[in-house]
Amino acid sequence: MKCPKCQAPLEAVEISSGIVVRTCTGCSGVLYEADDIAVPLRLIGPRPARFDCPRCRRPMETANAYEGQIEVDRCATCSALWFDAGEIMILRKLSGVENIAGKKGDEPSRPAAPAAPAAPLGAAPAAAPAAVPVPPLPAVKVKEGKAPVPPEMEGAQNRDAERAPTVELDGRLYRHFQSSIPVTTAVLGEFPWVAKVGDAARSRDFICPPYLLSQEVTATESVWTAGEYMEPEEVWAAFAMPGAPPAKIGVAPAQPNPWAGELPSVWRSFGVAAALCVGVFVFVEATASKAKVYEGGFEVTAADLERSRVGEVFEVKGRTSNLEVTVDTNLDQHWAYVSMALIDADTDQAFDFGRDLSYYHGVDDGESWSEGGRYETFFVPSVPAGRYYLRVEPETDAPQLSFRVIVRRDVPLKRLPLIALALLLLPAVWAGMRHDSFENTRWMESDHPRTSSDDEEDDE
Amino acid sequence: MSRWYRWYALFVAAAASWALWTGWWITPVERVAGVPKSVRDNPGSYRSHYSSYHRYSGGK
């Protein structure tokens with residue numbers, strides 16, 4: 001038989017009288033016959049697993065037990081049970097049974113009190129062994145109403161069972177980054193534990209940049225390691241290495257996002273500036289006079305030798321503001337260019353400007369079309385108060401051109417706040433894109449790469 | 001970047017507010033000085049920057 005997870009050979013191991021299990025030589029997973037588990041397993045929420053039963057080669061299913069605290073893989077046909085490395089230990093703790101192996105109906109064995117060592121005949125009774133101090137469990141933030149449990153139990157509770165588990169520790173939420181089955185291929189150096197080639201464990205990494213948690217589970221233990229990202233320069237300095245460290249490649253799992261701290265501040269500044277622009281526009285729009293200060297008509301014909309005309313003097317009041325000029329013509333299948341001058345009647349200053357208009361229309365294959373327009377509106381900026389008159393000089397190919405000119409004072413430009421908002425938005429969006437690009441690079445190496453359809457939350 | 005952006009945002013907001021208040025815009029308008037008062041009675045004597053008189057007509 002081969003392991004359904006890593007395809008390594010399964011070897012038969014007799015763990016108690018009459019109970020034979022298959023253990024994976026690669027990942028330490030264990031296959032139990034259906035009748036060889038003495039503890040009751042109330043499996044709920046079965047769903048198809050991604051592998052087949054190593055015994056009968058039929059599809060397996062995954063189900064939850066002990067209120068979702070452990071996932072068990074069971075063959076839908078022969079009911080064989082598959083446990084990944086470390087899950088037997090979790091099942092022992094959840095069930096309170098030390099030896100879960102046993103024929104159904106047998107009384108499961110409970111943990112017994114450790115027996116006192118037998119004293120040799122004639123010897124004085126041995127003194128009771130001194131109690132070994134148990135180190136305290138790390139501080140774990142738990143949900144209200146639940147008893148404190150060690151991290152490996154919290155990590156086993158998939159808060160997002162479909163995608164990625166999370167672990168809460170010391171007020172931080174660590175998100176699952178990747179799982180793997182590291183296998184020892186070579187051993188070099190001295191170790192305070194027994195290490196040999198072929199050792200395998202189930203490893204899971206969780207990150208909350210710049211912190212990370214790593215869990216390694218074997219058949220006999222579960223080890224949690226906490227770490228914190230360090231810059232290469234810090235490591236170089238700590239070991240007094242010569243020169244400079246090599247350049248970074250990619251993004252490390254727990255590497256802090258340099259844009260993470262900037263984005264909230266950038267968006268706050270955007271909000272304040274945008275509110276200011278909109279507020280000023282609303283104020284200016286509400287207080288703008290938009291008063292019509294002049295309206296006059298002009299007419300020229302092709303026979304006119306002199307086509308320039310002047311209008312009546314009109315008064316422009318108030319603070320320096322703009323003038324909205326509308327030219328409305330009777331153009332029809334002709335063009336006209338109207339050069340205009342707004343001349344101060346009291347000084348020698350003038351605003352010189354021009355506009356070209358054209359209007360053509362027709363019917364093509366039964367469909368009507370038109371091009372251009374008979375009227376146009378434009379703005380003369382920053383005109384101070386004073387007395388002005390208009391001088392107009394049209395050029396046209398029309399035999400006769402008549403047009404009206406309407407001038408309004410203090411008309412706020414609606415496009416100005418829009419342009420300001422666009423200018424404010426561009427750098428903020430760029431910073432957001434840099435932030436997302438960093439996160440995409442980080443998660444690209446994980447078990448949960450971000451795609452364009454993902455909508456995951458960013459890390460802090 | 002946030003410090004740079006803060007000043008940039010303040011500048012854009014201030015510039016937009018000033019433009020809204022004073023009616024400033026990027027319309028191509030030429031400011032001309034030295035316009036004689038006689039133009040009122042003789043508009044043909046004014047030479048507009050935007051009229052065809054200011055375009056090259058081919059003469060030497």
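# Briefing: chains A and B

With 18 C-beta neighbours inside 10 Å, A:Ile181 counts as partly exposed, because burial would require 20 or more. The model described here is predicted. Chain B presents 37 residues in contact with 47 residues of chain A.

**Surroundings of A:Ile181**

- A:Ile181 lies in the loop that links β9 (172-180) and β10 (202-208) of chain A.
- Leaving aside neighbours within four places in sequence, the contacts of A:Ile181 are A:Cys6, A:Cys27, A:Ala200, A:Arg202 and A:Ser203.
- A:Cys27 is 154 residues away from A:Ile181 along the chain, yet their C-alpha atoms are separated by 6.6 Å.

- A:Arg175 stands opposite A:Ile207 of β10(A).

**Helix α1 of chain A**

- In helix α1 (residues 87-95) of chain A, the buried residues are A:Glu87, A:Ile90 and A:Leu91.
- These residues lie on the same side of α1(A), because they cover an arc of only 100° around the axis.
- An α-helix has 3.6 residues a turn, so residues three or four places apart point the same way.
- Just after α1(A), A:Gly96 adopts a positive phi of about 75°.

**Packing of α4(A) against α5(A)**

- Helix α4 (residues 262-287) and helix α5 (residues 415-444), both of chain A, pack at an angle of about 170° with their axes 10 Å apart.
- That angle makes α4(A) roughly antiparallel to α5(A), since angles over 145 degrees are classed in this way.
- On α4(A), the residues that make the contact include A:Trp267, A:Phe270 and A:Phe281, while those on α5(A) include A:Leu421, A:Leu425 and A:His435.
- By class, the residues of this contact divide into 16 nonpolar, two polar and one charged.

- The secondary structure of chain B consists of one helix and one strand.
- Chain B has 60 residues, of which 27% count as buried.
- On the side of chain B that touches chain A, α1 (2-22) and β1 (30-32) of chain B each supply at least two residues.
- The largest share of that side, 14 residues, comes from α1(B).
- The side of chain B that touches chain A has 22 nonpolar, 11 polar and four charged residues.

*Helix to helix*

- The axes of α5(A) and α1(B) cross at roughly 175° and come within 10 Å; the two helices are therefore roughly antiparallel to each other.
- Residues of α5(A) in this contact include A:Leu416, A:Leu423 and A:Pro427, and those of α1(B) include B:Tyr5, B:Tyr8, B:Val12 and B:Leu20.
- The residues of the contact of α5(A) with α1(B) comprise 14 nonpolar, no polar and no charged.
- A:Pro417, A:Ala420 and A:Leu424 are among the α5(A) residues that meet α1(B), and they also take part in the contact with α4(A).

*Strand to strand*

- Strand β18 (residues 350-364) of chain A runs antiparallel to β1(B), and three bridges join them.
- A:Phe351 stands opposite B:Arg31 of β1(B).

Conventions:
Residues are numbered from 1 along each chain as its sequence is written. Chains are lettered from A and ligands numbered from 1 in the order in which they are written. This is a predicted model: local features need pLDDT of at least 70, side-chain atom pairs count only at pLDDT 80 or more; totals for chains, interfaces and linings use all residues. Two residues are in contact if their C-beta atoms, placed from the backbone, lie within 7 Å. Helices (H or I, at least four residues) and strands (E, at least two) are DSSP runs, numbered from the N terminus. Ala, Val, Leu, Ile, Met, Phe, Trp, Tyr, Cys and Pro count as nonpolar, Asp, Glu, Lys and Arg as charged, and the others, Gly among them, as polar. Two strands pair if DSSP finds at least two bridges between them. Axes are lines fitted to C-alpha atoms, for helices over the stretch in contact, and angles run from 0 to 180 degrees between N-to-C directions. Angles under 35 degrees count as roughly parallel, over 145 as roughly antiparallel, 65 to 115 as roughly perpendicular and the rest as oblique. A residue is buried if 20 or more other C-beta atoms lie within 10 Å of its own, exposed if 12 or fewer, and partly exposed in between; C-beta atoms are placed from the backbone. The arc is that of the directions from the helix axis to the C-beta atoms.
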